[in-house]
Every structure is written in structure tokens, then in C-alpha cells.
Amino acid sequence: MEKHDGRDAGQIRAGDLKDPWYDELASGWGELDGTGTPTAPAVPAQAAPPERSAADIYLEVQASAAFQEVRRRYRRFVIPAVAAFLTWYVAYVVTATAAPGLMARPVSGAVNVAMVAGLAQFATTFLLTWAYARHARLRRDRAALDLRWAVFEQKREQERKREREQGAEW
């Protein structure tokens, strides 16, 4: 790490790392100054409004083909999966109320059809959870991460431009 602004080369302060998940609004709270007392966070000076706001960036991303593709992949899995699971669940409940004789039919010893179907509900839930996680990992996560980084890069470019403009004012 290089020295900048007279700081020690090994010293890293909050906000130095341009992490997209760093919460800039909460930085500085409870940090200690040189005397050991907590400091209040510095309030940045009001700059001229940027050309594009964060909302504009998000609206642009939402309208992009890449975002629409992620949403389409999500819907293509979730809608049929939810429909199939709800159909299976409603069939179980309706059969339990409408055909108690069928549900009471023994399968093996004290285990009856209702117990097997009830346990199958749990198994179906776990199977659906696994399938959703696998689908997300294989079909959507990479594309969503690419979109997230594209938004981060746009916001970082805005910050750099704003810093250059503020530097020119001094």
C-alpha cells in the first residue's frame, strides 16, 4: 500500500477500501479519536447534485436486458415450482378431509397413507429448497453478481467524478 496524504502505509481507515457492501452512512460512529473519546462522523459538504442519481442507475439496470434475463430465469423456476407444490399440498389436505378411509389405509404396521403423505410433504419441501438453491447457483447467481458489480462500477465512477469536481473547486 502506498502512502497518501501523509498517512502511515500500514494504516487502513474505514471507507478506504471501495467495498460495494460498505455502509458509508454508518461509518464513523463510535470510532475513537486520538484521545480515546468517540467521535461524531464527519458530515460531507453538500455537493452539486450529480448528473445521474442512484435511482436513475437502478432504473437503467432494471430496464436492461441482463436484468430481465435474470428475472425471466427466476420466474421460469419459481412459478411452476410453487404451482406444483401448492397443488400437492392442497391435494393432501383435500384427500385427508374428503377421503379419510383412504388416508387411514395401513401401509406397513401402524404406518398409514396419511403418515406417508405427510412425511412426503416434508421431503418435498426439502427437495424443493435444494432444487431452488441449485437453480439459483447455476442459472442466476453469476448474472446477478455481474449486474451488481456493474451498478457498483457506475456508482464508483460517479463518486470519482464528484471528487474530481470538488477537487477542482478547492
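In what pattern do the helices and strands follow one another when the chain is read along the sequence?

## Overall fold

The chain follows the pattern α-α-α-β-β-α, which comes to four helices and two strands. Here helices (H or I, at least four residues) and strands (E, at least two) are DSSP runs, numbered from the N terminus.

A quick word on the source: this is a predicted model, in which local features need pLDDT of at least 70, side-chain atom pairs count only at pLDDT 80 or more, and totals for chains, interfaces and linings use all residues. Residues are numbered from 1 along each chain as its sequence is written, and side-chain values use heavy atoms, with hydrogens and water left out.

## Surface and contacts

Of the 170 residues in the chain, 12% are buried (under 20% relative accessible area, with a 1.4 Å probe and protein chains only). The chain exposes about 13,200 Å², with 61% of that supplied by carbon and sulfur atoms; the areas come from the Shrake-Rupley method with a 1.4 Å probe.

Among contacts (heavy atoms within 4.5 Å) with a separation of 6 or more, 58% join residues 24 or more positions apart.

## A look at asparagine 112

Let's turn to one residue. Asparagine 112 sits in strand E2 (residues 111-112) and counts as buried because its relative accessibility is 19%.

Its side chain has a polar atom 2.9 Å from the backbone nitrogen of methionine 115, and the backbone nitrogen of alanine 114 lies 3.3 Å from a polar atom of the asparagine 112 side chain. Leaving aside neighbours within four places in sequence, asparagine 112 is in contact with Met103, Ala104, Arg105, Pro106 and Val107.

Key
Buried means under 20% relative accessible area, exposed over 50%, partly exposed in between (1.4 Å probe, protein chains only). A polar contact is a pair of N or O atoms within 3.5 Å; within protein, one must be able to donate a hydrogen and the other to accept it, and residues adjacent in sequence count only if both atoms are side-chain atoms.
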